[in-house]
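Hello,

Here is the structure I promised to pass on. Please have it open while you read, and my notes follow below.

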Amino acid sequence: NEHARSPEHAGADERSGLYEHDVKALLREAGVPVPRGVVVDGTDFSAADALTEPLVLKAFGPGLVHKSDAGAVVLGLRHADLATAAAEMRSRLRVAGFLVEEQAEAGVELIVGLVRDPGFGPVLLAGLGGVWTEVLRDTALRLCPISESDARVMLGSLRGAALLHGARGGPAVDVDAVVKLLMTVGGPGGLWERLELGEFELNPVIATPSGVTAVDARYLPA
Ligand code: ADP
Ligand code: MG
C-alpha cells in the first residue's frame, strides 16, 4: 500500500491536482528512487509499521505547499512518535492526511526540475537544491531531450560541482545515478514527454555514494 491513492486525495489539491505522494507514485513507476512511504488519513498509524526508522512525517492538504515553512514536516521520528506529532500538526494546520516515509541518509541535496519555456519548450533544470536553492542559485538548464553527455556537462557546470566529487572530506556521490535520474526526467522518452504540459520539481534529490533518492516532489499543471 505504498503511496496508495484514495479518491478523496486525488485532485484534492487545487493548486496542482496531485499531492506529493501521487507524484512520488508516478516517479517510482518511472524508475526514480523515492523513499518507502504510506499515506495515513486518520489517527491510526499502524500502516507505517513496516517502515524502517527514522521516519519522516509530512502533512498534506489544500494550500500546504511549502511544508517546512508551515511546520508540516518533521524528521527523525520513531513509530511511537507519529500520533503525537500528527495531532500537533492537526491542531495548527488544515490537514487532509499524512505521508509517513523512511528518512533518507544525508547527502548532497540537489534540485531537478522540468520547466516549460514559452519560446523553447521543455527545459531540464539541475542544480544544488534543498534549503539553499534560492541562496545559491546554482543551476544549469538544458533543452529536452538531453543526452547523457549533456547531463554530465550540466552537473560539471555547477559552481558547486566539487560537492559531488567529495569536497571538504565528504565522500563522492554516485554521479552515474544522478545522470540516470536526469535522463529519466529529461532524456529521450523521459517524464518530460509524459506529463502533458505541466512542470515539476524534485527538491531535494539526496545524492549519496550509494545512489539518489527524490525526497520531495511537486507537480504544477499547465
Ligand atoms: P518542503 O520543500 O515542502 O518544505 P520537503 O518535503 O522538501 O518539504 O522537506 C523539507 C526538507 O526535509 C527537505 O529539504 C529534506 O532536507 C528533508 N526531508 C524531507 N523528506 C525527507 C526524507 N524522506 N528523507 C530525508 N530527508 C527528508
Ligand atoms: Mg522540498
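Two strands count as paired if DSSP finds at least two bridges between them. Please also keep in mind that this is a predicted model.

Strand 1 and strand 4 run antiparallel and are joined by 4 bridges. Strand 2 also pairs with strand 4 in the antiparallel sense, over 6 bridges. Phe98 of strand 4 has Val40 standing opposite it, and Ala59 stands opposite Phe98 as well.

Is strand 4 enclosed or open? Of its 6 residues, 6 are buried, so strand 4 is largely enclosed by the rest of the structure. Gly97, Leu99 and Glu101 point one way, while Phe98, Val100 and Glu102 point the other way.

Next, the aromatic rings, which form 2 pairs in the structure. In one of them, the ring centres of Tyr19 and Phe60 are 4.7 Å apart and the planes meet at 45°, so this pair is tilted. It links distant parts of the chain, with Tyr19 in the segment before helix 1 and Phe60 in strand 2, 41 residues apart. Tyr19 is buried, with a relative accessible area of 3%, and Phe60 counts as buried at 6%. Another pair brings us back to Phe98: its ring and that of Phe45 have centres 6.0 Å apart and planes at 55°, so they are tilted. Phe45 sits in the loop between strand 1 and strand 2, and Phe98 in strand 4, 53 residues apart. Both Phe45 and Phe98 are buried.

Now for helix 2, residues 82–92. Which of its residues are buried? They are Leu82, Ala85, Ala86 and Met89. These four cover an arc of only 100° around the axis, which puts them on the same side of helix 2. The buried residues of helix 2 pack against strand 2, strand 3 and strand 4, whereas the face turned away from them carries the exposed residues Thr84 and Ser91.

Asn203 belongs to strand 8, and Asp216 to the loop between strand 9 and strand 10, 13 residues apart. Asn203 and Asp216 are both buried.

Methods
Residues numbered from 1 in each chain as written. Chains lettered and ligands numbered in written order. Predicted model: local features only at pLDDT ≥ 70, side-chain atom pairs only at ≥ 80, totals over all residues. Heavy atoms only, no water. Buried < 20%, exposed > 50% of the residue type's maximum accessible area, 1.4 Å probe, protein only. Helix = DSSP H or I, 4+ residues; strand = E, 2+ residues; numbered from the N terminus. Arc of directions from axis to C-beta. Contact = heavy atoms within 4.5 Å. Phe/Tyr/Trp six-rings, centres within 6.5 Å; stacked < 30°, edge-to-face > 60°.
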